[in-house]
Amino acid sequence: RFRVMAVVVSIALFVLLFGMVLRYGFESEGFSKAYSPVHGALYMVYLVTVADLSRQVGWSLLRTVGVAVAGAVPVVSYLVERRVSASLPAS
């Protein structure tokens, strides 16, 4: 679940950036207004997924917060997902 959400959130951030360019660069706020709540909901699901994974593998609070914040920066959630996935035991 974490891997999927990390990739989804990374893609969602790019879509949000596109919406921000439309909104502030071209004064077209329709897409941004419609998409922003969707992105917010996806990020909340990502946070729940990070918390669940953290509980399962016993991460420290600092690592949990770091992985959670990574989802707020474009591409970083994807990069962190690769690193986290590589460090977890195969299931």
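Residues are numbered from 1 along each chain as its sequence is written, and side-chain values use heavy atoms, with hydrogens and water left out. Because the model is predicted, local features need pLDDT of at least 70 and side-chain atom pairs count only at pLDDT 80 or more, while totals for chains, interfaces and linings use all residues.

**Helices H2 and H3**
- The axes (lines fitted to C-alpha atoms over the stretch in contact) of helix H2, residues 30–57, and helix H3, residues 61–70, come within 10 Å and cross at roughly 155°; helices here are DSSP runs of H or I with at least four residues.
- H2 and H3 are therefore roughly antiparallel to each other, a term that applies to angles over 145 degrees.
- Tyr43, Tyr46, Leu47, Val50 and Ser54 in H2 meet Thr64, Val67, Ala68, Val69 and Ala70 in H3, where contact means heavy atoms within 4.5 Å.
- The residues of this contact divide into eight nonpolar, two polar and no charged, with Ala, Val, Leu and Tyr among those counted as nonpolar.

**Valine 50**
- Valine 50, which lies in helix H2, is buried at a relative accessible area of 1%, buried meaning under 20%.
- Leaving aside neighbours within four places in sequence, valine 50 is in contact with Phe2, Trp59, Thr64, Val67 and Ala68.

Terms used:
Axes fitted to C-alpha atoms, helices over the stretch in contact; angles between N-to-C directions. Helix = DSSP H or I, 4+ residues; strand = E, 2+ residues; numbered from the N terminus. Parallel < 35°, antiparallel > 145°, perpendicular 65-115°, else oblique. Buried < 20%, exposed > 50% of the residue type's maximum accessible area, 1.4 Å probe, protein only.
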